[in-house]
Amino acid sequence: MRMLKFLLQKELKQIFRDPGIIRVLFIMPMVQLLILPLAADYEIKNINLGVVDQDHTEYSRILTNKIIASGYFKLKDYSPTFNQGLKAIELDKTDLIVEIPPHFERDLVKDNQATLFIAVNAINGVKAGLGGAYVQQIIQGYNQNVRMKWIQAPRYSPQPTIDVTYSDWYNPHMNYKVFMVPGILVMLVTMIGSSFAANNIVREKELGTIEQINVSPIKKWQFILGKLIPFWMLALSVLTLGLIIARVVYGIIPLGSYFTIYIFASIYLLAVLGLGLLLSTYAQTQQQSMLVSFFVTMIFNLLSGLYTPIESMPTWAQWITKFNPVSYFIEVMRMVMLKGSGLTDIRFHIVAILGFALFFNGWAVLNYRKRTG
Amino acid sequence: MKQFLIFVKKEWLHIWRDRRTLFILIWMPIVQIILYGFALTNEVKNSNIAIFDQSQDQASTDISKEIAASRYFNLVKNVHSYQDVGATFRQGKIRLAIIFPVNFRYDLLHSNHAQIQLIADASDPNTANTLTNYAGSIINDYQQSLTNNEQLPYTIKTQVRMLYNPELKGAYSFVPGVMALVLMLVCTMMTSIAIVKEKEMGTMEVILVSPLKPFRIIIAKAVPYLFVSLLNITSILLLSVYVLDVPIVGSLWLLMAESTLFTITSLSLGILISNSAKTQQTAMFIAMMSLFLPTLLFSGFMFPIENMPVPMQVISNVVPSKWFYIIIKDIMIKGLGFTAVWKETLILVGMTMTLLGISIYNFKIRLA
């Protein structure tokens, strides 16, 4: 035990000796936590609209105004021909063109039927789908108005209607930050934990100091613990700072308890650090270990469900997320902070993450040899 | 010139000798493109839902069936009380609950008016929005079917054309984005330790006493990595076309040239980091921490830039991958030529010059 204490002292001294480290460890993540959630807003709004009006009648004008008044669209381009409208899409000035053909009003009134053409920049499929749907809804409404105007009867037939009422639980104001901040915090803590740990043993290998440790009477598990605990403490402090920022700056007060978050985070960090140490025992140079740990963290982060929904992924990718500690933590953070889930609600997550922790650390201890080469 | 080439050769040998690292550098982008290209999509489908049906009549069962059959929803639970709805949400099992009141069908047919309540887990606002939209339109269709779709007078028809991506595949926006992300990160990380490693290992002195100018030393360090990057670009483009089915509509050569330019920008950024860091650890950490999230967020493929507050939009302008993303989208997907992307190209050239300029200016020919 005393041996472990000395080891810890040594590691902590080493970490804090480099002022650059403190900067990257604390200041950079916090700055990111302050800036990035402002940018991560995926709500589909402000669709840039182009109108090609070849009819120039009262009808076409009312329709255009109606689309703009809906609040989803901003008129950015008004071209006389479709080809010119298309240019605006090519230049990314507009996302969607509504083309009102010549004789639109005449066809509608005389022939009882007229056609509108809509062209959508569909590179982003989701945006295109929703934008197209919004426009069609507005046109439907407009169509309804036209009918009311021409058919004087009160209403043609009383038709059965279903009223759909919507409730948005856990985030009634649909605030995207509430969703992103806990996720970004998880990501930052993970990146710090895993890559620092990954780098650590390798650094000793590359600088040659590991030989001294190898010839000293330190047991393998002591060595691994000595490497693990300082980073564990650092990562938990980063988490704490992040939670304070979430509360003070973004006003996100967890519905569940901080205790639950910390219990989970403590085990989670053991798992992530264990993974880092494991990589570190395999790598020969810092470059290798950083690259691989970076590679692994990046995959973990992007396939964690923070940015894109897990259930939309193909089945094999969903299986990967089952072996991805980050996806568990993201889910737990959101559950506890936003929905008020307690320890019993997240028991499966805890068991899973405990499994990861034992697995990675066990492997790291087994794989660490007291010989170099 | 000869000295320069010898120096490039030396750097190349360094990389070549460490096969393991080289292997990682070449495989990393390949694995990532495949993983993200297939797995990342903003589409919402197969979302888990629960239904609380207090009416259990013909109409509510019909609607439930319609909803469960849709590819957007996956009915995991029939709940029997409001408390149960809350508990299921808290366990993270569902994203949407659909609640039918008692006497649903009776109300619908006799008073022409019935209610359905949709409760969404709005902790994820976008998914919540999309799901309520989908469910709403299924309910709407059902309602339409009750009136037998009579042909109404004064009908406006709409014809919608989806440009560039008629099947609305997620890969069309994600593959170019992932290309920008992966190239940026891999290239920057490659060079981020190039100079600092020599400092840490103590081999810097040897280089400094050589008659080579700082400018040449820096370029020579980047050249071998440029070769590795070209290999990466080629493999990424091959994968996009043959594995992920994202076509290259525009000119392949233009695309290659632009990718090479972007790679050089990233390598220069790596060199700048390497130049200013004291240890390899700090260098790679800066490269990773300061690039991963900003590149991801500000490229514009994950989160639309026009949604951001104005200061963020201004910040996004200094992120090289934003410009590169526009360039690849224009060339690869829209099939446009150089006239459409010359401005973005010029910006990347400018960034590269600035980054290299600062590195050379700051390159210390004396050790502290």
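Modeller: About 11300 Å² is buried between chain A and chain B, and carbon and sulfur atoms give 64% of that area. Buried area here is the accessible area, found with a 1.4 Å probe, that two parts lose on being put together, summed over both. Ile123(A), Ile162(A) and Gln287(A) supply 7% of what chain A buries against chain B, more than any other three residues.

Before we go on, a word on the numbers: this is a predicted model, in which local features need pLDDT of at least 70 and side-chain atom pairs count only at pLDDT 80 or more, while totals for chains, interfaces and linings use all residues. Residues are numbered from 1 along each chain as its sequence is written, chains are lettered from A and ligands numbered from 1 in the order in which they are written, and side-chain values use heavy atoms, leaving out hydrogens and water.

Counting contacts (heavy atoms within 4.5 Å), 119 residues of chain A touch 116 residues of chain B.

Now for the charged pairs. The rule finds 3 salt bridges across this interface, a salt bridge being a side-chain nitrogen of Lys or Arg within 4 Å of a carboxyl oxygen of Asp or Glu. Asp92(A) pairs in this way with Lys334(B), their closest N and O atoms lying 3.2 Å apart. Arg95(B) and Glu311(A) also form a salt bridge, at 2.4 Å from N to O. That pair joins two chains, because Arg95(B) lies in the loop between α4 (82–90) and β3 (96–100) of chain B, and Glu311(A) in the loop between α11 (286–302) and α12 (315–322) of chain A. Helices (H or I, at least four residues) and strands (E, at least two) are DSSP runs, numbered from the N terminus.

There are also 28 residue pairs in polar contact across the interface, both residues at pLDDT 80 or more. A polar contact is a pair of N or O atoms within 3.5 Å; within protein, one must be able to donate a hydrogen and the other to accept it, and residues adjacent in sequence count only if both atoms are side-chain atoms. On the side of chain A that touches chain B, helix α6 (residues 125–150) gives the most, with 14 residues.

Finally, look at the strands: β4 (residues 113–121) of chain A and β5 (residues 155–163) of chain B run parallel, joined by 9 bridges. Strands pair if DSSP finds at least two bridges between them. Within this pairing, Leu116(A) stands opposite Thr158(B) in β5(B).
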